Amino acid sequence: MEKLDIPVRQKKVNITIEYCVPCDYSECALTVARDLIKNYQHVINRLALKMGSKGVFVVAVDERVIFSRKTVGRHPRPGEVLQSFKELVGPDIPTYTA
């Protein structure tokens, strides 16, 4: 996965989680949101939940898709989106500690 060009310390990211409302993928969306906020709230500018339909479940960082249910044919495994986000921002960005 291609890393962000600008160091995250200088530029916080915007995350969108789009999920299917008729399929009730809300639990999965909330779990992914919680994991990202818990571990990377210091690099997130905005995290938005976007209601969708037709089986959608997409996680995008600054409009760059890091997970798509349509592409992989399933919901994310526990920690999968978090790992993709970590790879995107780079290993030099530590997780948040309170």
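This is a predicted model: local features need pLDDT of at least 70, side-chain atom pairs count only at pLDDT 80 or more; totals for chains, interfaces and linings use all residues.
I take helices (H or I, at least four residues) and strands (E, at least two) as DSSP runs, numbered from the N terminus. I count residues from 1 along each chain as its sequence is written, and side-chain values use heavy atoms, with hydrogens and water left out.

**Entry: Glu18**

I started with Glu18, which lies in strand β1. Is Glu18 buried, partly exposed or exposed? I call a residue buried under 20% relative accessible area, exposed over 50%, and partly exposed in between (1.4 Å probe, protein chains only). Glu18 comes out at 22% relative accessibility, so I list it as partly exposed.

Next I looked up its contacts, meaning heavy atoms within 4.5 Å. I set aside neighbours within four places in sequence; Glu18 then touches Lys50, Gly52, Val56, Phe57 and Val58. Lys50 is 32 residues away from Glu18 in sequence, yet their C-alpha atoms are 4.4 Å apart.

**Entry: the sheet**

I count two strands as paired if DSSP finds at least two bridges between them. In what order do the four strands stand? I read β2-β1-β3-β4, an open sheet with mixed pairing. β2 (44–52) and β4 (64–68) are the edge strands; each has a single partner, so one side of each lacks a neighbour in the sheet. From one strand to the next, the twist averages 20°.

β1 covers residues 13–20 and runs parallel to β2, with eight bridges between them. β3 and β4 run antiparallel and share four bridges. Here Val61 stands opposite Arg64 of β4. These two strands make a hairpin with two residues between them, and Asp62 in the turn has a positive phi of about 50°.

**Entry: helices on the sheet**

For directions, I use lines fitted to C-alpha atoms (for helices, over the stretch in contact), with angles from 0 to 180 degrees between N-to-C directions. Helix α1 (residues 26–40) packs on the sheet and touches β1, β2 and β3 (57–61). The direction of α1 makes about 180° with that of β2. Helix α3 (residues 80–89) lies across β1, β3 and β4, at about 155° to β4.

Which residues of α3 are buried? I found Val81, Ser84, Phe85, Leu88 and Val89. The buried residues of α3 pack against β1, α1, β3 and β4. Just after α3, I noted Gly90 with a positive phi of about 100°.

**Entry: the core**

I define a nonpolar core as a set of buried Ala, Val, Leu, Ile, Met, Phe, Trp, Tyr and Cys residues joined through side-chain atoms within 4.5 Å. The largest one holds 26 residues; Ile15, Ile17, Phe57, Val59 and Phe85 touch the most other members. α1 gives the most to this core, with six residues. I also checked Ile15, again beyond four places in sequence; its contacts include Leu36, Ile44, Val59 and Phe85.

**Entry: cysteines**

How many disulfides does the structure hold? I found zero, using a cut-off of 2.5 Å between paired cysteine sulfur atoms. Cys20 is buried at 1% relative accessibility. Cys28 is buried too, at 17%.
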